[in-house]
Amino acid sequence: MSEKATLTYSGKSYEFPVQVGSENELGMDISQLRAQTGLITLDEGYANTGSCDSKITYIDGERGILRYRGYTIEELVEYSSFTETAYLLIFGELPTPIQLQEFHELLTRHQFIHENMRHHFQGFPASAPPMAILSAMINTAGCFQPELVQPADESSFMETAAILMSKVRTIAAASYKTSIGEPIVYPRFDLNYTANFLHMMFCMPNKTCHPEPEIVRALDQIFILHADHEQNCSTSTVRMVGSSQANLYASAAAGICALWGPLHGGANVAVIKMLERIHEDGQPLDQFIEGVKRHDAGVRLMGFGHRVYKNYDPRAKFIKKTCHTVLNKLGIHDPLLELAVKLEEVAVKDPYFVERKLYPNVDFYSGIILRAIGIPVDMFTVMFAIGRMPGWIANWREVHTGSQLKIYRPRQIYSGSLLRSYEAIEKRK
Ligand code: ACO
């Protein structure tokens, strides 16, 4: 017999079914709450609100577990590629060799952006934030792809997913080239997803370059680690926008805007800025940490803490290891890495952070790797967006293939003015 939760209000008891997830997570189904009791729930920031039933990603924040479609992030990052992981997220199963080849070919076939899109890049000022360009250009790419997306038809959706995944990296590299006044570089047919991105970022039309395989692999792994993270701010945004039946491009463009903020995808930029400031000022770490604890001018230890993880973020463990590997491979000595390691050592022993369960998150070390590869700081969040695209696509598809498509529309508790009469402007003081 299924469990029920009982709510007592105003002398009456009401029962609500308890939904049990596949990993025994419990959720009280309150879909009949307002109809039965006249109440709504109030949960600012949604920390206690399950917005959907999803089969894509599982996180146990207390135990530091992250799995895509049942596979641990540790196994995927070790054995899989970003392309294969993207397929897994979007379609639910690891691809067969033929399916993976087909997906890879689609990614390659759709790697060019329409020639008419190229001049759009010239319309942005040199100072335009790359996330603004990316969001605008993903929406623009949608205008060049007007055919109807059929989320339930696997083969047609595979093409749509490949178009979006492929073009996001071409657009990202083109926006970077435009921002530094260099010619946009066309993608190549012989490179894998990530190598092709590095080629478009760092080569010239008349000069090939050969990124080290270890660097290509490290970036591919960073993309895998960012590929999905259940109902975070940007993914919830994609689902919300998609629930109005907005198309996949518009929904992904909205996700990019949500990711942009420093409390979400912009955090690795904030981490580098924080480390640079401490390094340049020569500020003792203890002093900086004391300032964080006093909430001086709202200072936080960026790259620490997470809404869901109350333990070490499993992605951060891997990123820290990769950071050392990449810097060693490139022969780079970065004082910011030393600083980050020391900050972590101090923070994880400090009662302030221990009591609040604040540990390094994925952003704490990722910026140092990206910097070492040569990715400029203002492109960091763009890298995150490339990685997160499969997760957004998978979630958008899930919204559209669920049992019933229902528009996301939360309620509120109104606490504004009571009814008042309009006063003509001449009478207002
Ligand atoms: N440094 C110092 N104190 C912190 C930090 C931090 N990074 N994060 C949380 N706290 C403190 C808060 O001040 C608060 O303390 P209080 O109870 O004394 O007021 C307590 O911990 C709880 O903090 P909340 O803001 O309520 O936690 P929430 O779950 O809402 O926030 C968040 C999570 C936004 C990630 C937060 O930890 C933060 O701002 N971290 C820094 C930014 C960051 O690294 N973001 C990346 C997240 S991962 C990602 O999006 C990919």
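This is a predicted model: local features need pLDDT of at least 70, side-chain atom pairs count only at pLDDT 80 or more; totals for chains, interfaces and linings use all residues.
Residues are numbered from 1 along each chain as its sequence is written, and side-chain values use heavy atoms, with hydrogens and water left out.

Helices and strands are DSSP runs numbered from the N terminus (H or I over at least four residues for helices, E over at least two for strands). Two packed helices are described by the angle between their axes and the distance between the axes. The axes are lines fitted to C-alpha atoms, for helices over the stretch in contact, and the angles run from 0 to 180 degrees between N-to-C directions.

The description starts with helix α6 (residues 154-179) and helix α7 (residues 193-202), whose axes come within 8 Å and cross at roughly 20°. The two helices α6 and α7 are therefore roughly parallel to each other; angles under 35 degrees count as roughly parallel, those over 145 as roughly antiparallel, those from 65 to 115 as roughly perpendicular, and the rest as oblique. The crossing of α6 and α7 is right-handed, that is, the near helix is turned clockwise from the far one by less than a right angle, anticlockwise being left-handed. On the α6 side, the contact (heavy atoms within 4.5 Å) is made by M165, S166, V168, R169, T170, A172, A173, Y176 and K177. On the α7 side, Y193, N196, F197, M200, M201 and F202 take part. By class, this contact of α6 with α7 has 10 nonpolar, three polar and two charged residues. In this scheme Ala, Val, Leu, Ile, Met, Phe, Trp, Tyr, Cys and Pro count as nonpolar, Asp, Glu, Lys and Arg as charged, and the others, Gly among them, as polar.

In α14, L336, L337, A340, V341, L343 and E344 meet F364, Y365, I368 and R371 of α16. The residues of the contact of α14 with α16 divide into eight nonpolar, no polar and two charged.

Helix α16 (residues 363-373) is mostly covered, with 10 of its 11 residues buried. Buried means under 20% relative accessible area, exposed over 50%, and partly exposed in between (1.4 Å probe, protein chains only). Among the buried residues of α16 are D363, F364, I368, I369 and L370. Just after α16, G374 takes a positive phi of about 105°.

Leaving aside neighbours within four places in sequence, I222 is in contact with I319, I369 and L370. I222 and A270 are 48 residues apart in sequence and 18 Å apart in space, C-alpha to C-alpha.

Turning to the cysteines, a search of the whole structure finds one disulfide, a term for a pair of cysteine sulfur atoms within 2.5 Å. The disulfide joins C203 to C209, with S to S 1.9 Å. This link of C203 and C209 is left-handed, with -85° about the S-S bond. C203 counts as buried at 1% relative accessibility. C52 is in no disulfide, and the nearest cysteine sulfur, that of C233, is 14 Å away; C52 is partly exposed, with a relative accessible area of 28%. The sulfur of C257 is 11 Å from the closest cysteine sulfur, in C233, and that is too far for a bond. C257 is partly exposed at a relative accessible area of 39%.

Positive phi values also occur in residues other than glycine. R69, in the loop between β5 (65-68) and β6 (71-72), has a phi near 50°. E230, in the loop between α8 and α9 (233-243), has a positive phi of about 35°. At 23% relative accessibility, E230 counts as partly exposed.
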